[in-house]
Amino acid sequence: MRETAAHPQLVERMPLLQAALHAPGAFYLLAIMGAFLTLWTPGFFTAANLTNVALQVAVLTIVALGMTLIILTEGIDLSLGPVLGLCGVGASLMIVAGYPLPLAIGAAVIIGACFGLLNGTLIAVVGMPPFIVTLGSFGIAQSIATVLTQGDSVVNLPSYFRWFNDGVFLAVPVPIWATFAAFAATWLLLYGTKFGRYVFAIGGNRQALILTGTRVEIYHIAVYVYGGVLAALASFIMTARMNAAHPTIGVGLEFDAIAAVILGGTSFEKGRGGIAGTVVGALAVGVLRNGLNLVGVGTEWQVAIVGLVIITAVALDSLRRLNT
Amino acid sequence: MSVEASQLAARIGHLPSDRLFVIVSRLAALALLIAALSILSPYFLTWGNFINVMRQAALQFMMAAGLTIVVLTGGIDLAVGAILGLAACLSASLISQGYLVFGVVSALLSGLACGLANGVLVAYGRIPAFIATYGMLWIAHGLGYVFMKGEVIYGLPDGFRFIGAGFVWGIPVPVLIAVALLVVLHVLLHATVLGRAIYAIGGNPTAARLSGMPIERRLLAVYALSGLLSGVAALVVIARINAADSSLGEDLLLPAIAAVCLGGTSLFGGVGGIAGTAIGSVILALIVNGLNLLGVQTFWQNAVMGAIILVSVLADQLGGARLIRQ
């Protein structure tokens, strides 16, 4: 929005070109990957596989939505993956021990919120760099999850738990409903409330926001808490899909989430971006991984390729900023 | 040199209170740890354990040395552990097949190449350091997995193992290497053009740019050096543990950052130094040694590293150290 406003005449003359220039990398990646896979791999453009992709990106999208708000404040949360793993382990242990489901959900949400509170406080109040703080809590969350299960998986979950992944409501799978719900909630928060406007403002010009007399810290902390809570909720889908909770299952998820956010056009600077792009970004990462699987590229290469995609996307974003 | 010496004397004489807090708190932590461990474990104050701790600290220092220099410029290198892992895999594979020279060269070159890539992305691509090196982390991990295909390499020749497991005059060779590295890097930081540029860029990048410093070239050199040092550390590590696999580098990032934070180097650059990281590495090695002696499960290791990072930076901030720009 801001960029198009800077060149009103250009936009009038070449709206399509301008739109293409400013479309996030995710659109291109998705279009190219989609076309390539449809033409070359017969298994890709089938209802079964596309549903599979949608189910696979549900967890990623939910986590990436929280990550978007965090990155909009010029922050980052490297701990979201391990926090998701810890929430899954904590909730599963409670359920296996016989506690009712609502209590387990409550516990997971509290764990996610506590890590968000810890991260947010150290970042917003103390002023420590986000990647250092969340790298520290990364280690803490991963360790606690491993200690809780002594390195094993939590198995023997009751059969109803699988509903979080396998359930179908009004012909739409539950994870897709959950993704819609998370998107709608985040959309309302970001574009319909004071909190949302402050999220953009914290990234855009934190100093100005402080000078208006706003209690910036509270909103800044709330962003990290929201990210943690979304990760906690996503952990149920993840656990149901695996039919087990493993302490390190979430490690690396934060990496895909960051990739989705950046590919979706959210910039690391000045609070530019939004959550619609993130959904496309998550789809692009999901299709990329799915496509690499279909073509027969091993997980080892996938790790390196997604790393390369992140760097390329950020480099293009930085080039584009230099040009405009 | 005499000018250098007088400057140093002036700096110690007029040490600001925040630096004083950092130095005093680290020495206090060191003394407390040694006292507590001597009481808690009868095995702690033995020569064998002392050698063990010093060797561990030396390895830790080598892994954190390159990172320190990057952090001094106000950047970060999240890929240090992953680059070390990749270099270790490549060189261990070649050395175990008998190509000693190629193995050593491959470790240094792969480290340098990854570091150069980081440097290009950060200095010329203007990509935030934490995201460029985070991408590189996964690229290096991925290449390591691809290269190793899940295998473990072990059994390196004795001549090579000397640099990790050998002794000279009763001192472990890694300790001697670490001391040499400490001296070289200290001189580099305090008596060369590059060293001055590192502090200048970290302290005030705008002023550094306005004074005509070739910032891009200097930053490229810094990240390349960090990669190269990861390659050097990789050689000593595989010589010490006599094995390598693709997961080697996974758990090395948190300790490296913890050593730098414990060493009192500002995460925003410009303040701190390599000697601090040496002290930080000794403290870290003592903590790990203490946990082992007290029988704490290794599952806790990551939590301890995370807590050390958070607590040491928080303490410096609350202790009045201007480590963090508000």
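# Questions on a two-chain predicted model

User: What does Ala107(A) touch, leaving out residues up to four places away in sequence?

Analyst: Contact requires C-beta atoms, placed from the backbone, to lie within 7 Å. On that basis Ala107(A) touches Gly90(A), Ala91(A) and Met94(A). Between Ala107(A) and Ala232(A) there are 125 residues in sequence and 9.1 Å in space, C-alpha to C-alpha.

User: What makes Leu60(A) a buried residue?

Analyst: Leu60(A), in helix α5 (residues 47-72) of chain A, has 25 C-beta neighbours inside 10 Å and therefore counts as buried. Beyond four places in sequence, Leu60(A) touches Leu253(A), Asp256(A), Ala257(A), Ala260(A), Ala282(A), Val285(A) and Gly286(A). One of these partners, Ala257(A), stands 197 residues from Leu60(A) in sequence but 6.1 Å from it in space, C-alpha to C-alpha.

User: Which residues have the most partners in the largest nonpolar core?

Analyst: Such a core is a set of buried Ala, Val, Leu, Ile, Met, Phe, Trp, Tyr and Cys residues joined through C-beta atoms within 7 Å. The largest one holds 212 residues, and Val63(A) and Met62(B) touch the most other members. Helix α12 (residues 216-242) of chain A gives the largest share, 17 residues. Apart from neighbours within four places in sequence, Val63(A) is in contact with Leu80(A), Leu84(A), Leu230(A), Ala231(A), Ala234(A), Leu253(A) and Ala257(A).

User: Why are α6(A) and α13(A) called oblique?

Analyst: Helix α6 (residues 80-96) and helix α13 (residues 253-263) of chain A pack at about 130 degrees, with axes 6 Å apart. Axes are lines fitted to C-alpha atoms over the stretch in contact, and angles run from 0 to 180 degrees between N-to-C directions. Angles under 35 degrees are roughly parallel, over 145 roughly antiparallel, 65 to 115 roughly perpendicular, and the rest oblique; the two helices are therefore oblique to each other. Leu80(A), Gly81(A) and Leu84(A) of α6(A) meet Leu253(A), Glu254(A) and Ala257(A) of α13(A).

User: How do you know that chain A and chain B agree with the compact globule rule?

Analyst: The radius of gyration, taken over C-alpha atoms, is set against 2.2 Å times the number of residues to the power 0.38. For the 324 residues of chain A the rule gives a value near 20 Å, and chain A has 20 Å, which agrees. For the 326 residues of chain B the rule also gives a value near 20 Å, and chain B has 19 Å, which agrees. Chain A contains 15 helices and two strands, and 50% of its residues count as buried. Chain B contains 14 helices and four strands, with 52% of its residues buried.

User: What makes helix α12 of chain B largely enclosed?

Analyst: In α12(B) (residues 253-262), 10 of the 10 residues are buried, so the rest of the structure largely encloses this helix. Among them are Leu253(B), Pro255(B), Ile257(B) and Cys261(B). Just after α12(B), Gly264(B) takes a positive phi of about 80 degrees.

User: How many residues of chain B are in contact with chain A?

Analyst: In chain B, 36 residues are in contact with 35 residues of chain A. On the chain B side, α6 (129-148), α12 and α14 (301-318) each supply at least two residues, and α6(B) gives the largest share, 12 residues. By class, this side has 26 nonpolar, nine polar and one charged residues. Here Ala, Val, Leu, Ile, Met, Phe, Trp, Tyr, Cys and Pro count as nonpolar, Asp, Glu, Lys and Arg as charged, and the others, Gly among them, as polar.

Technical notes. Residues are numbered from 1 along each chain as its sequence is written. Chains are lettered from A and ligands numbered from 1 in the order in which they are written. This is a predicted model: local features need pLDDT of at least 70, side-chain atom pairs count only at pLDDT 80 or more; totals for chains, interfaces and linings use all residues. A residue is buried if 20 or more other C-beta atoms lie within 10 Å of its own, exposed if 12 or fewer, and partly exposed in between; C-beta atoms are placed from the backbone. Two residues are in contact if their C-beta atoms, placed from the backbone, lie within 7 Å.
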